[in-house]
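I opened my notebook and the viewer side by side. These entries follow the order in which I looked things up.

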Amino acid sequence: MITLPGEVYGYRVRVGCDVVAIEDVQDSLAAFGDRYLRKVFTASEINDCQGRNRVQRLAARFAAKEAVIKAFAEPDMPFPLREIEVTRDGPLPRLRLSGALAERAQHQGWLSSSLSLSHADCHAMAVVLVVCGGNAGAGAR
Amino acid sequence: MARLLANRFAKRQKCEVSVIQDQIREVLAAHGRMTVDPREVDDQADLYELGLTSHASVDVMLALEDEFDIEFPEEVLKKSTFASIHNIGQVVESLVKSLA
């Protein structure tokens, strides 16, 4: 039996994932409308989620935010959802952090991230993978 | 006399906390999508264990803002805030008091 190391060549990898029911997002929009949108998503994200599959796209972005929170592995830290933004690089979703979360990511040694989103009729999901420098500051491993 | 006043103050505070918790239970029942009736849940019970999701906690927060006419500042937007009725109550109480 072996216990695999938490880091390789001085680098650590973190993964976060989340799944969100499309219906839940639909219900939130119906109940709280713009307040829900403005509390959770950036203006750019709202703009990216126009048109067909709008709710599915919003749900996938919410899942991405939760996936990022899990990757931080600090459950007692405040997570302003709009400081985690999903942007687009051509067909690929990208992750952008701002404010206190960007500082925290720097402190944890985040060097690179990769994000994947998907959805079906009922659920949306996201997986985020983060590469961290091994010698960086605190944070759960 | 001082002890009597202190007892009265403590009773009144307990009553206010209880009223706030009742309102929180109603909000959880309407928006929490939990697997149990939150009106029958202990105030220290782990709400995530009882089916509260991260997404539902956003709805609960928005509904609490409406119910108490408050706004949750970013520094309290953490998992532990919504982990129990007791925790939600403490945050709501402090936000309500800060407006008074």
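**Entry 1: chain B**

I started with chain B and counted three helices and zero strands. I took helices (H or I, at least four residues) and strands (E, at least two) as DSSP runs, numbered from the N terminus. Along the sequence, chain B reads α-α-α.

I noted the ground rules next. This is a predicted model, so local features need pLDDT of at least 70 and side-chain atom pairs count only at pLDDT 80 or more, while totals for chains, interfaces and linings use all residues. Residues are numbered from 1 along each chain as its sequence is written, and chains are lettered from A and ligands numbered from 1 in the order in which they are written.

Then I looked up burial. A residue is buried if 20 or more other C-beta atoms lie within 10 Å of its own, exposed if 12 or fewer, and partly exposed in between, with C-beta atoms placed from the backbone. Of the 100 residues of chain B, 27% count as buried.

**Entry 2: one residue in chain B**

I picked B:Ile24, which lies in helix H1 (residues 2–31) of chain B. Is B:Ile24 buried or exposed? B:Ile24 has 24 other C-beta atoms within 10 Å, so it is buried.

I listed its contacts, where contact means C-beta atoms, placed from the backbone, within 7 Å. Leaving aside neighbours within four places in sequence, B:Ile24 touches B:Leu64, B:Ile85, B:Ile88, B:Gly89 and B:Val92. I also checked B:Val58. From C-alpha to C-alpha, B:Ile24 and B:Val58 are 14 Å apart, and 34 residues separate them in sequence.

**Entry 3: chain A**

I moved to chain A and found four helices and six strands. Their order along the sequence is β-β-α-α-α-β-β-α-β-β. Buried residues make up 34% of the 141 residues.

I boxed the C-alpha atoms along the principal axes and got roughly 50 × 35 × 30 Å. Among contacts in chain A between residues at least 6 apart in sequence, 68% join residues at least 24 apart.

**Entry 4: two helices of chain A**

I compared H1(A) with H3(A). Their axes come within 11 Å and cross at roughly 75 degrees. Axes are lines fitted to C-alpha atoms, for helices over the stretch in contact, and angles run from 0 to 180 degrees between N-to-C directions. H1(A) and H3(A) are therefore roughly perpendicular (under 35 degrees is roughly parallel, over 145 roughly antiparallel, 65 to 115 roughly perpendicular, the rest oblique).

From H1(A), the contact uses A:Ile22, A:Val25, A:Gln26, A:Leu29 and A:Val40; from H3(A), it uses A:Val55, A:Gln56, A:Leu58, A:Ala59 and A:Phe62. I sorted these residues into eight nonpolar, two polar and no charged. Ala, Val, Leu, Ile, Met, Phe, Trp, Tyr, Cys and Pro count as nonpolar, Asp, Glu, Lys and Arg as charged, and the others, Gly among them, as polar.

**Entry 5: where the chains meet**

How many residues of chain A are in contact with chain B? I found 17, facing 13 residues of chain B. On the chain A side, helix H1 (22–40) and helix H3 (54–72) each give two or more residues. H1(A) gives the largest share, eight residues.

I then followed H1(A) across to helix H2 (residues 54–68) of chain B. They pack at about 65 degrees, with axes 10 Å apart. H1(A) and H2(B) are therefore roughly perpendicular to each other. Among the residues in this contact are A:Phe32 and A:Tyr36 of H1(A), and B:Val58 and B:Leu62 of H2(B). The residues here divide into seven nonpolar, two polar and four charged.

Conventions
Contact = placed C-beta atoms within 7 Å.
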